[in-house]
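Visitor: I would like a close look at a single part of this model, and then at what else can be said about the chain. Please keep it plain.

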Amino acid sequence: PYAPILLASTIVNVKNQSRDVDIFEEWLNNFGFNNNAIDSLEALAQSGNSNAMFLLGVYYYQVQRYEQARNWLERAAVDEHAGAMNQLAWIYREGLGVPTDLSQAVVWHSYSADAGYPRAMTNLAYLYSIGEGVEKDLYASAGWYERAAELNSASAIYAIGSYTLNGVTGYEKNEQQGVLLMLKAAELGHKRAMYVIGKRYENGE
């Protein structure tokens, strides 16, 4: 009964609608989510279930009840729940109910990435690539993208494909390998990779 929370959250984030509570709740309804399930989820979380804590944190995050979100995410993060650590990083990264703290965001992204969570790896890679919360380090960025790509992260595969196509960040330029990586990212649903492949076909490349 709780899967719709993650499904709806994933969809609104992919569509860049994560700040629209109505759309999130509409997706919950589309997936047949019963709001009474929050009560049973709370009971599970209170009993010490870290997955329930994480799901509650995600739910409250999406409905913009950030203090409750942070409370549950912190409790799950203490239990080393990788997803909760990554979501908690976003609370500090965007200053949601707390002062913006990029250094704290990097700490939680790092914990999550070290625990093997691909989304945290790509989040950390991005921060290293722009020098936000950490000193800019393109090689560290590429290293995290590589690790996430090994776990089939579409965003990471896209990034490595882009580096390979353009011959940057220590990657030797290789059109064929770059296109193969873009195709793989596109097959995994990465929209920018789809666009790149589409433009190459359009231009006869």
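Is Glu26 buried, partly exposed or exposed, and what is its relative accessible area?

Guide: Glu26 is partly exposed, because its relative accessible area is 48%, and partly exposed covers the range between under 20% for buried and over 50% for exposed. Please keep in mind that this is a predicted model.

Glu26 sits in helix 2, which runs over residues 21-30. Together with Asp20, Asp22 and Glu25, Glu26 forms a negative surface patch.

Other charged side chains are paired. Side chains of opposite charge can pair when their charged atoms come close. The structure holds four salt bridges. One of them joins the side chains of Arg19 and Glu94, with 1.9 Å from N to O. This pair links distant parts of the chain, 75 residues apart. Arg19 is in the loop between helix 1 (3-14) and helix 2, while Glu94 is in helix 6 (residues 82-94). Arg19 counts as partly exposed at 36% relative accessibility, and Glu94 counts as partly exposed at 36% as well.

Another salt bridge is made by the side chains of Glu74 and Arg70, at 3.6 Å from N to O. Here both partners lie in helix 5 (residues 66-78), and they are four residues apart, about one turn of the helix. Glu74 has a relative accessibility of 29%, so Glu74 counts as partly exposed. Arg70 is also partly exposed, with a relative accessible area of 22%.

A further salt bridge is formed by Glu175 and Arg200, whose closest N and O atoms are 2.5 Å apart. The two residues are 25 residues apart and link distant parts of the chain: Glu175 belongs to helix 11 (residues 175-187) and Arg200 to helix 12 (residues 191-202). Glu175 is partly exposed, with a relative accessible area of 37%. Arg200, in contrast, is buried, because its relative accessible area is 16% and buried means under 20%.

The largest nonpolar core has 37 residues, and Ile5, Tyr59 and Tyr60 have the most contacts inside it. Helix 2, where Glu26 lies, is among the helices that each supply at least two residues of this core. The others are helix 1, helix 3 (37-46), helix 4 (50-62), helix 5, helix 6 and helix 7 (102-114). Helix 4 gives the most, with nine residues.

Helix 3 also contains Ala37. Ala37 counts as buried, because its relative accessibility is 10%. From Ala37 to Asn51 the separation is 14 residues in sequence, and their C-alpha atoms are 14 Å apart in space.

Glu80 is not a glycine, yet it has a positive phi of about 65°. Glu80 is placed in the loop between helix 5 and helix 6. Glu80 is exposed, because its relative accessible area is 63% and exposed means over 50%. Thr169 likewise has a positive phi, about 55°, although it is not a glycine. Thr169 is in the loop between helix 10 (154-166) and helix 11. Thr169 is buried, with a relative accessible area of 15%.

How values were computed
Residues are numbered from 1 along each chain as its sequence is written. This is a predicted model: local features need pLDDT of at least 70, side-chain atom pairs count only at pLDDT 80 or more; totals for chains, interfaces and linings use all residues. Side-chain values use heavy atoms; hydrogens and water are left out. Patches are made of residues with over 30% relative accessible area and no salt bridge: like charges are joined within 9 Å, nonpolar side chains (Val, Leu, Ile, Met, Phe, Trp, Tyr) within 5 Å. Accessible areas come from the Shrake-Rupley method with a 1.4 Å probe; for residues, only the protein chains shown count as cover. Lys and Arg count as positive and Asp and Glu as negative; His and the chain ends are not counted. The place of a charge is taken as NZ of Lys, CZ of Arg, CG of Asp or CD of Glu. Buried means under 20% relative accessible area, exposed over 50%, partly exposed in between (1.4 Å probe, protein chains only). A nonpolar core is a set of buried Ala, Val, Leu, Ile, Met, Phe, Trp, Tyr and Cys residues joined through side-chain atoms within 4.5 Å.
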